[in-house]
Each structure stands twice: as structure tokens, then as C-alpha cells.
Amino acid sequence: QILQDQSLVQHHAGVIEAIMNIFRTLGLECVSFLDRIVPAFLIVIRNTTNQNRLESYFNQLATLVSIVRQHIRNYLPEIIEALQDYWDHSPSLQSTILSLVEAISRSLEGEFKIYLAGLLPMMLGILEKDSSTKRIPSEKVLHAFLVFGSSAEEYMHLIVPVIVRTFEKQGQPTF
């Protein structure tokens, strides 16, 4: 109830931290509470303007996904929508969101490919546009592709050409 009350916004971070501590302790026993927690969690994310809090909330959401594994599937459309909405918010938030995407991929394994279609254009966009000095955003996307494993197989015809173009660009750092 605290998470749904906007007049108590100053307590949201503490409440989410407390919930996550409880969920870490309960493990899969917390699954029965997901129907109350995940929607409230997403409301808090959508109503947050503080960049650091957003990163923390997405990190906590990644932890939650890692705890409940495949039981998160009922909430994935809303989670995917939220991460798409915040994708271009900042490079550091993008990195945090990629960690969440990896957690979802690990939790769902083969089922993840249906969500990959909506995420792939954003991820490939990073590879095409990244001009940062060390190309850390590109490195994170490439790592995510490794995590996706066989879920990404049917999209290789889209992924490989972008990766090849990325390595052919002038001024790429040497590792």
C-alpha cells in the first residue's frame, strides 16, 4: 500500500529494499505475493524522476526476476514495456536495463525469444550508434547476446550484419 501511495514517495526506496530482503530470504516462497508486488513496483518506477533511484529500482527488479525465475512470465509484458520506455533515458540506466534483460533471459530460457523481437532493435541501435571512447555500451550488448544463447538463433540474420558493421567502423578501439 505504501508503494501505491504517492504521498509516501520518500519511503518507496526503503520499502522496496525491505521487500527485496524478505524475497531473498523467502526464495520461491514469495511467488504468491508477486501479483501485489510487481504492479506496485512498476508504478514506483513509472513515477520516479530520480535517476539514481531508477537505476536502483531496475537493479532490484533484476534481482526479483532472478529469485522468482519463470514465475515472472505473467508480468513480462508490463516489465518489457517499462524498460522500453526508459531505454533511452541515460547510458547508465541502459546498462542497468540490459542487466534486467539478461536476468529475464536466464529465467525464461527458450521462452525469452518472443520478447527478444521487441528488444532487439533497441540493442542493435546501441551497436550502430555507440561512439563512446571504450564502447562499453556495445560491449554490454554483445555480452547480452551471449547470455541469450539459443533464444537469439532465429534473429542471427539481423544481429550478425550489425556486429560486422560495428567492427568495420573507423576508429574502433583495440582491445
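User: How is the word "partly exposed" to be read for a residue such as E111?

Analyst: Buried means under 20% relative accessible area, exposed means over 50%, and partly exposed lies in between. In this predicted model, E111 has a relative accessible area of 38%, so E111 is partly exposed.

User: Which residue forms a salt bridge with E111?

Analyst: A salt bridge requires a side-chain nitrogen of Lys or Arg within 4 Å of a carboxyl oxygen of Asp or Glu. R73 meets E111 in this way, with the closest N and O atoms 2.9 Å apart. The pair links distant parts of the chain, 38 residues apart: R73 lies in the loop between α3 (51-68) and α4 (76-86), and E111 in the loop between α5 (91-108) and α6. R73 is partly exposed, at 33% relative accessible area.

User: How many salt bridges does the whole structure hold?

Analyst: A search of the whole structure gives seven. Among the residues involved, R46, E81 and D85 are linked in a network of salt bridges.

User: What separates R106 and E102 along helix α5?

Analyst: R106 and E102 are four residues apart in helix α5, which means that about one helical turn separates them. Their side chains meet in a salt bridge, at 3.6 Å from N to O. As to accessibility, E102 is buried, with a relative accessible area of 10%, whereas R106 is partly exposed at 41%.

User: Where do E154 and K113 lie, given that their side chains meet in a salt bridge?

Analyst: The N to O distance in this salt bridge is 3.9 Å. E154 is in the loop between α7 and α8, while K113 is in helix α6; the pair links distant parts of the chain, 41 residues apart. E154 is partly exposed, with a relative accessible area of 47%, and K113 is partly exposed at 33%.

User: What surrounds D130, a buried residue that has no salt bridge?

Analyst: D130 is placed in the loop between α6 (113-129) and α7 (136-148). The nearest side chain of opposite charge, R135, is 4.9 Å away. A salt bridge requires a distance within 4 Å. The side chain of D130 does make polar contacts, with the side chain of S132 at 2.7 Å and with that of S138 at 2.7 Å. Beyond neighbours within four places in sequence, the contacts of D130 include I136, P137 and K169.

User: Which residues form a nonpolar patch on the surface?

Analyst: M156, V160 and V164 form such a patch, with about 220 Å² of accessible area together. V160 belongs to helix α8 (residues 156-168) and is partly exposed, at 42% relative accessibility.

Key. Residues numbered from 1 in each chain as written. Predicted model: local features only at pLDDT ≥ 70, side-chain atom pairs only at ≥ 80, totals over all residues. Heavy atoms only, no water. Patch = residues over 30% accessible without salt bridge, like charges linked within 9 Å, V, L, I, M, F, W, Y side chains within 5 Å. Areas by Shrake-Rupley, 256 points an atom, 1.4 Å probe, with all protein chains shown as cover. Helix = DSSP H or I, 4+ residues; strand = E, 2+ residues; numbered from the N terminus. Buried < 20%, exposed > 50% of the residue type's maximum accessible area, 1.4 Å probe, protein only. Lys, Arg positive; Asp, Glu negative; His and termini not counted. Polar contact = N/O pair within 3.5 Å; in protein donor to acceptor, adjacent residues only side chain to side chain. Contact = heavy atoms within 4.5 Å.
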